[in-house]
Amino acid sequence: MSCESSICQVRATVMLYDDSSKRWVPSGSDSPALSRVHIYHNPSTHTFRVVGRKLQADQQVVINCPIIKGMKYNQATPNFHQWRDPKQVWGLNFSSKEDGATFSKAMTYALDAL
Ligand SMILES: CC[C@@H]1C=C[C@H]2CCN(C(=O)[C@@H]3CC[C@H]4C=C[C@]5(CCCN5C(=O)[C@H](Cc5ccccc5Cl)NC(C)=O)C(=O)N43)[C@@H]2C(=O)N1CC(=O)O
């Protein structure tokens, strides 16, 4: 990712809402695992995106989602925040309330800057 800089990094389990089963399922393969989730800023295109990789060895990318102007970011609980993209609903289950607060500050900054 050329000249993208991370404006925050937190630990969270990245979840997707499965409309058919009406359940949250962990993003990526196998069981829910903690990921390092960043918000990256690309100053040349003036865009932001959420990128998360599993903490475990394979570093599987479990989220790579652009932050869209006007997107609604919902802090359902201090540890669980969520938003919709055109295709799906993302949920972040933060490892701590502090990580939730850090992420929401950066997300709010990004949404305000778009
Ligand atoms: C990882 C387990 C998880 C942990 C925490 C809790 C917190 C609440 N919660 C939920 O799933 C809540 C309960 C009702 C259900 C009903 C619908 C859902 C699911 C799909 C989206 N949604 C919306 O309410 C969206 C939100 C939104 C508003 C505004 C802007 C964007 C958005 Cl995304 N409303 C629109 C209008 O889109 C939803 O979040 N729901 C989680 C939850 O129970 N568990 C435990 C489990 O599942 O075992």
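Colleague: By class, what does the lining of the largest cavity have?

Modeller: This is a predicted model. In it, the lining of the largest cavity has 5 nonpolar, 4 polar and 1 charged residues.

Colleague: Which residues are they?

Modeller: The lining consists of Thr13, Val14, Pro26, Ser27, Ser31, Pro32, Ala33, Ser35, Lys54 and Val62.

Colleague: Now to the ligand. Which residues surround it?

Modeller: Around the ligand are Met15, Tyr17, Trp24, Lys72, Asn74, Ala76, Phe80, Gln82, Trp83, Arg84, Val89 and Asn93. Divided by class, this shell has 7 nonpolar, 3 polar and 2 charged residues.

Colleague: What about Arg84: how many Å is an N or O atom in its side chain from an oxygen atom of the ligand?

Modeller: For Arg84, that separation is 2.5 Å. Trp24 has a polar side-chain atom 2.8 Å from an oxygen atom of the ligand, and a polar side-chain atom of Gln82 also lies 2.8 Å from a ligand oxygen.

Colleague: And what share of the ligand's accessible area does the protein cover?

Modeller: On its own the ligand has 870 Å² of accessible area, and the protein covers 50% of it.

Colleague: Which elements give two or more residues to the shell?

Modeller: Those elements are strand 1 (5-18), strand 6 (73-77), strand 7 (80-84) and strand 8 (89-94). Strand 7 contributes the most, with 4 residues.

Notes
Residues numbered from 1 in each chain as written. Predicted model: local features only at pLDDT ≥ 70, side-chain atom pairs only at ≥ 80, totals over all residues. Heavy atoms only, no water. 1 Å grid on protein atoms, 1.4 Å probe; cavity = no way out; pocket = protein on both sides within 12 Å on 5 of 7 lines; lining within 4 Å. Nonpolar A, V, L, I, M, F, W, Y, C, P; charged D, E, K, R; others polar. Near = heavy atom within 4 Å. Polar contact = N/O pair within 3.5 Å; in protein donor to acceptor, adjacent residues only side chain to side chain. Areas by Shrake-Rupley, 256 points an atom, 1.4 Å probe, with all protein chains shown as cover.
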